Amino acid sequence: MATTFTIFFDGHLWVGVLEQRDGGQIRAARVVFGREPSGAEIEDWLRRHGNNLIARASAAQPIDDGGRPTVRARSPNSVPASTADM
């Protein structure tokens with residue numbers, strides 16, 4: 001089972017989404033952080049509440065992932081300098 005935890009800004013608040021993909025299905029659970037969490041705050045939050053978030057995702061109703069592969073966002077810092085100037 002592939003599990004991904006993604007943090008993003010939804011236009012108003014910072015949100016974390018835990019996704020579990022298995023056998024063409026996906027289950028997910030969400031947490032709202034509010035203001036932008038620091039790396040240390042995320043690490044602390046996951047230590048304290050990560051098991052609960054995983055349990056919530058595991059208990060969620062699975063949906064068909066449509067056969068789509070997991071897509072990972074690339075950091076702009078990982079773009080080679082030669083393509084950044086284009």
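Predicted model: local features only at pLDDT ≥ 70, side-chain atom pairs only at ≥ 80, totals over all residues.
Visitor: Why is the pair of F9 and W14 called tilted?
Guide: Rings of Phe, Tyr and Trp (its six-membered ring) pair if their centres lie within 6.5 Å; planes under 30 degrees apart count as stacked, over 60 as edge-to-face and the rest as tilted. The structure holds two aromatic pairs. For F9 and W14, the centres lie 5.3 Å apart and the planes stand at 50 degrees, so the pair is tilted.

Visitor: What makes the pair of F33 and W45 edge-to-face?
Guide: The centres of F33 and W45 are 5.6 Å apart with 75 degrees between the planes, and the pair is therefore edge-to-face. This pair links distant parts of the chain, with F33 in strand β3 (residues 25-34) and W45 in helix α1 (residues 39-59), twelve residues apart. Helices (H or I, at least four residues) and strands (E, at least two) are DSSP runs, numbered from the N terminus.

Visitor: Why is W45 called buried?
Guide: Buried means under 20% relative accessible area, exposed over 50%, and partly exposed in between (1.4 Å probe, protein chains only). W45 has a relative accessible area of 18%, so W45 is buried.

Visitor: Is W14 buried, partly exposed or exposed, and what makes the label apply?
Guide: The relative accessibility of W14 is 21%, and W14 therefore counts as partly exposed. F9, at 44%, also counts as partly exposed.

Visitor: How do you know that β1 and β2 pair?
Guide: Two strands pair if DSSP finds at least two bridges between them. Eight bridges join strand β1 (residues 2-9) to strand β2 (residues 14-22), so these antiparallel strands pair. F9 stands opposite W14 in β2. The two strands form a hairpin with four residues between them, and G11 in the turn has a positive phi of about 105 degrees.

Visitor: Why does D65 count as buried?
Guide: D65 has 12% relative accessibility, and so counts as buried. D65 lies in the loop between β4 (63-64) and α2 (81-84). Leaving aside neighbours within four places in sequence, D65 is in contact (heavy atoms within 4.5 Å) with R21, G24, Q25 and I26.

Visitor: What makes L18, A29, V31, W45, L53 and A57 a nonpolar core?
Guide: A nonpolar core is a set of buried Ala, Val, Leu, Ile, Met, Phe, Trp, Tyr and Cys residues joined through side-chain atoms within 4.5 Å. These six residues make up the largest such core. Helix α1 gives the most to this core, with three residues. A29 touches G16, V17, L18, L53, R56 and A57, not counting residues up to four places away in sequence.

Note on methods
Residues numbered from 1 in each chain as written. Heavy atoms only, no water.
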